[in-house]
Amino acid sequence: MVCFNNYQDAPANLAYIETVISMVDTFPTSPKFRAVFPLDTAPTFLIIILAIEGFIAFLLILGSLRMLTNIHKPAAAFNRSKSVVSFGFCVAILLWFVVFVVGAGEWFLAWQSPIGRGAIETSYNISIIAFLGLIFVNQRDEETG
């Protein structure tokens, strides 16, 4: 859903990326040397983000289907089928926590921006959900008698 939404509303996401990487609305005393110019690079960032979000969606859907096809097989086979979903959650954590919360939030100081603050909170929430999903999926299933 995140990938679909960001693709459908690409102009708003592009404007957000431009605001964050240019650091135009951070505090006046903030270190502006971190800003990225020219803003012509913003579409490239958006394309990369959308591609990674699409990859995450692909991994989670494929991994979920693999788990569903192995749901009635022995526990060892079902446990092995979790690897793709686990990888998808790891990529999600890297994108939404490392790239958005740490990169945009701290490096580009998006938390100082009225526009950026909400997106950082959303990214943090998504990364927590992905982390909890990773923990849940990686619980070992045992054979039942």
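Analyst: A crossing is called left-handed if the near helix is turned anticlockwise from the far one by less than a right angle, and right-handed if it is turned clockwise. In this model, which is predicted, the crossing of α5 and α6 is left-handed.

User: Which residues of α5 and α6 make the contact?

Analyst: On the α5 side the contact includes V85, F89, I93, W96 and F100, while on the α6 side I120, Y124, F131 and L134 are among the residues that take part.

User: At what angle do α5 and α6 pack, and how far apart are their axes?

Analyst: Helix α5, residues 83-107, and helix α6, residues 114-137, pack at about 155°, and their axes lie 8 Å apart. Angles over 145 degrees count as roughly antiparallel, and α5 and α6 are therefore roughly antiparallel to each other.

User: How many helices and strands are there in the protein chain?

Analyst: The protein chain has six helices and zero strands, so that reading along the sequence gives the pattern α-α-α-α-α-α.

User: What radius of gyration does the protein chain have, and what would a compact globule of 145 residues have?

Analyst: The protein chain has a radius of gyration of 18 Å, whereas a compact globule of 145 residues would have one near 15 Å. Along the principal axes, the C-alpha atoms fill a box of roughly 65 × 25 × 20 Å, and buried residues make up 39% of the 145 residues.

Technical notes. Residues are numbered from 1 along each chain as its sequence is written. This is a predicted model: local features need pLDDT of at least 70, side-chain atom pairs count only at pLDDT 80 or more; totals for chains, interfaces and linings use all residues. Side-chain values use heavy atoms; hydrogens and water are left out. Axes are lines fitted to C-alpha atoms, for helices over the stretch in contact, and angles run from 0 to 180 degrees between N-to-C directions. Helices (H or I, at least four residues) and strands (E, at least two) are DSSP runs, numbered from the N terminus. Angles under 35 degrees count as roughly parallel, over 145 as roughly antiparallel, 65 to 115 as roughly perpendicular and the rest as oblique. Contact means heavy atoms within 4.5 Å. The radius of gyration is taken over C-alpha atoms; the globule rule is 2.2 Å times the number of residues to the power 0.38. Buried means under 20% relative accessible area, exposed over 50%, partly exposed in between (1.4 Å probe, protein chains only).
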